[in-house]
Amino acid sequence: MNREVLNDDILYFVNDFPYWKLLYGKTVLITGCTGLLGSIMTKCLLALNKHYDLGIKILGVVRNISKAESILGRDDECLSLNELELSEISSERIKDNVDYVIHLASPTASKYFIDHPVETLQTAIEGTNAVLNFSAEKKIEKMLYISSLEVYGRNEGEQWISEDFQGFVNPLEVRSSYNMGKRAAESLCSAYFSEYNVPVSIVRLTQTFGAGVEYNDNRVFAQFARKIIENEDIELHTLGETSRMYCYTIDAITAMLLVLLKGQSGEAYNVANKSTYISIKDMAYMLRDYFNPNINVIISLKDNQGYAPQTRLRLNTDKIENLGWSPKYSLPVMFGRLIRYMS
């Protein structure tokens, strides 16, 4: 892996993020901080803290401290790791005062949703309930729940989808454990805000990638990047008609922190780069043309791979843009940085 690409991303974030003063002296609890976005969020906050001497304290909730230390290091005294299951989070287990909570912990692999639907639902519902209850006990300033564009389910049209849209999700499909879990977790957030005044906002991320993705990641963007690197044909196991938008990791981190610091409690915000809307098939051809014209794109249909149902999700991002956010990375640049990182 070319770690310099990720280091450059973090440096760009530190120099570009305008609201760093609002984090002065704050304690931030982050779940899922060994995942892609959780680890980058943690590194970005640590870098902000070091650059501006903010006195930030980060409490990371992890399932394996050894793994977390291998990703995040063990030498920064501002980072404290707590080895806990999500359901074990409580004010008895974490004694520190907490100002902000960023709840990122979630499975992300489609095959996991198929093989472990019960655990997928439990993580979404029971884990989020524990984090919300903890936030209520600590009387925090703000909680951020990271949701997904998959809450919108299936959509056949090309209309812009705002935060009040609800597409079809079949609760009896095994893979719907993820969609339904995210919907239920969002409903829990709304319930805690309404009944217990927990100040929680929701970010609905489109598919997000960039430097930091593991080489063996099985999501479509990583599969395509590997084919470019390894000079192999891109093989599609569906017709590739699903269309969505994408977002670069650092753009997503900036959006999440902006909603944490400036967003309205009880509200959801779409986060995506409008310029990146594309079908899976067209993305495969774009990557071939941009990065490796010597390979081919082949369609070889297969069933039971855990793929999301075909849908078209063109997210309306006016709400987050009205807070002052705008993405900086185009789709070719996103893939260029991902390929450089993975090479």
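How much space lies in the second largest cavity? About 60 Å³. This is a predicted model, so local features need pLDDT of at least 70 and side-chain atom pairs count only at pLDDT 80 or more, while totals for chains, interfaces and linings use all residues. Residues are numbered from 1 along each chain as its sequence is written, and side-chain values use heavy atoms, with hydrogens and water left out.

**The cavity**

The structure holds two cavities of 30 Å³ or more. A cavity here is a set of points, on a 1 Å grid over the protein atoms alone, where a 1.4 Å probe fits but cannot get out; lining residues have an atom within 4 Å of a point. The volume is the space filled by probe spheres set on the points, which are joined across faces, edges and corners.

Among the residues lining the second largest cavity are His-103, Pro-107, Tyr-145 and Lys-182. Helix α5 (117-138) and helix α6 (176-196) each supply at least two lining residues, and α5 gives the largest share, four. Helices are DSSP runs of H or I with at least four residues, strands are E runs of at least two, and both are numbered from the N terminus. By class, the lining has five nonpolar, five polar and one charged residues.

**Ser-90**

Look next at the loop between β3 (79-83) and β4 (100-103), where Ser-90 is found. Ser-90 is buried, with a relative accessible area of 15%; buried means under 20%, using a 1.4 Å probe and protein chains only. Leaving aside neighbours within four places in sequence, Ser-90 is in contact (heavy atoms within 4.5 Å) with Phe-134 and Glu-137.

**Aromatic pairs**

A search of the whole structure finds 12 aromatic pairs. Rings of Phe, Tyr and Trp (its six-membered ring) pair if their centres lie within 6.5 Å; planes under 30 degrees apart count as stacked, over 60 as edge-to-face and the rest as tilted. Here are two of the pairs:

| Pair | Centre to centre | Angle between planes | Type |
|---|---|---|---|
| Phe-13 and Phe-17 | 5.2 Å | 25 degrees | stacked |
| Phe-209 and Tyr-246 | 6.1 Å | 65 degrees | edge-to-face |

Phe-13 counts as buried at 1% relative accessibility, and so does Phe-17 at 3%. Phe-209 and Tyr-246 are both buried too. Their pair links distant parts of the chain, with Phe-209 in strand β8 (residues 207-209) and Tyr-246 in strand β10 (residues 243-248), 37 residues apart. Phe-209 and Tyr-246 also form one aromatic cluster with Phe-221 and Phe-335.

Technical notes
Buried means under 20% relative accessible area, exposed over 50%, partly exposed in between (1.4 Å probe, protein chains only). On a 1 Å grid over the protein atoms alone, a cavity is a set of points where a 1.4 Å probe fits but cannot get out, and a pocket is an open set with protein on both sides within 12 Å along at least five of seven lines; lining residues have an atom within 4 Å of a point. Ala, Val, Leu, Ile, Met, Phe, Trp, Tyr, Cys and Pro count as nonpolar, Asp, Glu, Lys and Arg as charged, and the others, Gly among them, as polar.
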